[in-house]
Amino acid sequence: MSRRSLLLSAAALTVTAGPLATAARAAAKTPKVLVIGLDGALLTRIKDADAPHLDALMAAGLTAPSSIYANPLAPTMSGPGWSTLITGVWPDKHNVRDNAFTGHRFAQYPDFLTRIETAKPSLTTYAVSSWAPITDTVLSARVDTRVSTPSAEYDTGTTSRAVARLANGNPDAVFVQLDNIDHAGHDHGAASSQYLAAIHGADAQVGQMVNAVRSRASYAGEDWLIMITADHGHTDAGGHGGSTLPERQTFLIATGPTLAPGSVRYDVKMPDVAASALAHLGIAIDPAWGLDGRPVQQPTPDDFDTLRAKLSPRTDETGIPASVLGHTHTPPAGWSVDNSAMGTGGVTEWRGWTFTTDEFWTAAQRDQQRESNLRARNVFAVADGDEWYDKPVTGTFDSTLVSPAHPVTGGGTATLTYTTYYRHESPQKGEVLVSYDDAAPVTVRTYTADVPSRTETLTLKVPAGARTARVRFRCTAGNNWYWVIDGVRLTSS
């Protein structure tokens, strides 16, 4: 299969700037952004390769391994991948399902360089790509300069153009895509020496671009955010488009004034690249834009994320690699799980509400749409009756996740928000209940049909005199599907 027929690859993001201590000084400098996408690059193989420039960027800033979707949402191809990275929304919004871009919604969800031009037209934007559909189709004509590198020049021409513009021009936001790692993956596989050699070559080209930034005469007065990313991964044998974890892998390497040197995070997702670039340039993100990304400079961990260090390896799930730490039944501080009505037996990992990760949960069983759990981040809670029933059970699945008591104002309103993803099969049911001052819980939302990954917002009327509210998520099921909950917040007004 030829390179041009394959899916879009990784959009690299690296944020360059000083350490945390220099953040205040950097605020007075001129903000600028460089995003470099390494098509089809795997973070694990970057770490195996001779890649001193990428290694140095990881040591200087943030490294964030991440994962993406699979069919039926979209295949792990370049078209959907680059569109997600550049627009800041997932495929269910930008609607790119392949490399033909048929039915795309770029007018509604434009690329981040176009948003920059709209918000601050005085800023200069520049993009150069070895894979022409990015600069011909994904990026709009509002971008000041878009260059699709001639095929004969390939990544060498892309790099030389980017270096010249970074060293001698005055761009405010630059996007660059390099293609050869993906090419090596298709021809030789991600486990090959040729793939490592391609990473080494791309690393040298990244080094040229970073050096061009740092050699600028005006560099001392500039605040550069450099981000390196990828649109998808590759199998060891070569290729992508499927649902295996290597194909679904991506990452962000970023250096910037608020990103701690040598830090590693697990809450970063593909759409964050676009949001981070906008935030760095001082462009306020309008909620009406519907972005799925959030700036990496502004992390918002939730209670479940505190469990990352407490995750355990598999017990009964033999299909999950033994090295993957990815589940616990121990809730975070203040939370509890009520399994008093839960059946016995079944697969240990999924007995009642479980706190888990994408890497662990999707490996339990591929191609059952667990890969479409887009908007949960890091550690999330899942009730998975389907997987629990894979060993003999007695009784049914009946488990309730219970939040801490949150302060509320009696007679006022409170807002409950949470990320959810619910796949239904009767007689399964999901119920959201709220109790005030630990009185009898009242149902405020019921799930009896599929709900795609999204953020729910419920307005609650607080009874007069109430001082606290506690939220319950109860899942009852037979051998059915699953329910994901994440990012639970309750605020009183």
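Trainee: How many nonpolar, polar and charged residues are in the lining of the largest pocket?
Mentor: The model is predicted, so local features need pLDDT of at least 70 and side-chain atom pairs pLDDT 80 or more, while totals for chains, interfaces and linings use all residues. Residues are numbered from 1 along each chain as written, and side-chain values use heavy atoms, without hydrogens or water. Ala, Val, Leu, Ile, Met, Phe, Trp, Tyr, Cys and Pro count as nonpolar, Asp, Glu, Lys and Arg as charged, and the others, including Gly, as polar. By these classes the lining has 16 nonpolar, 14 polar and 10 charged residues.

Trainee: Which residues are closest to the centre of the largest pocket?
Mentor: A pocket is an open set of points on a 1 Å grid over the protein atoms alone, where a 1.4 Å probe fits, with protein on both sides within 12 Å along at least five of seven lines; lining residues have an atom within 4 Å of a point. Of its 40 lining residues, the closest to the centre are Pro-65, Ser-66, Leu-245, Gln-249 and Glu-359.

Trainee: Which elements give two or more residues to the lining of the second largest pocket?
Mentor: This pocket holds about 570 Å³ of space. Among its 21 lining residues, Arg-294, Thr-300, Arg-377, Thr-419 and Thr-455 are the closest to its centre. Strands here are DSSP runs of E, at least two residues, numbered from the N terminus; the elements are strand E17 (413-423) and strand E22 (482-492).

How values were computed. Points joined across faces, edges and corners; volume = space filled by probe spheres on them. Helix = DSSP H or I, 4+ residues; strand = E, 2+ residues; numbered from the N terminus.
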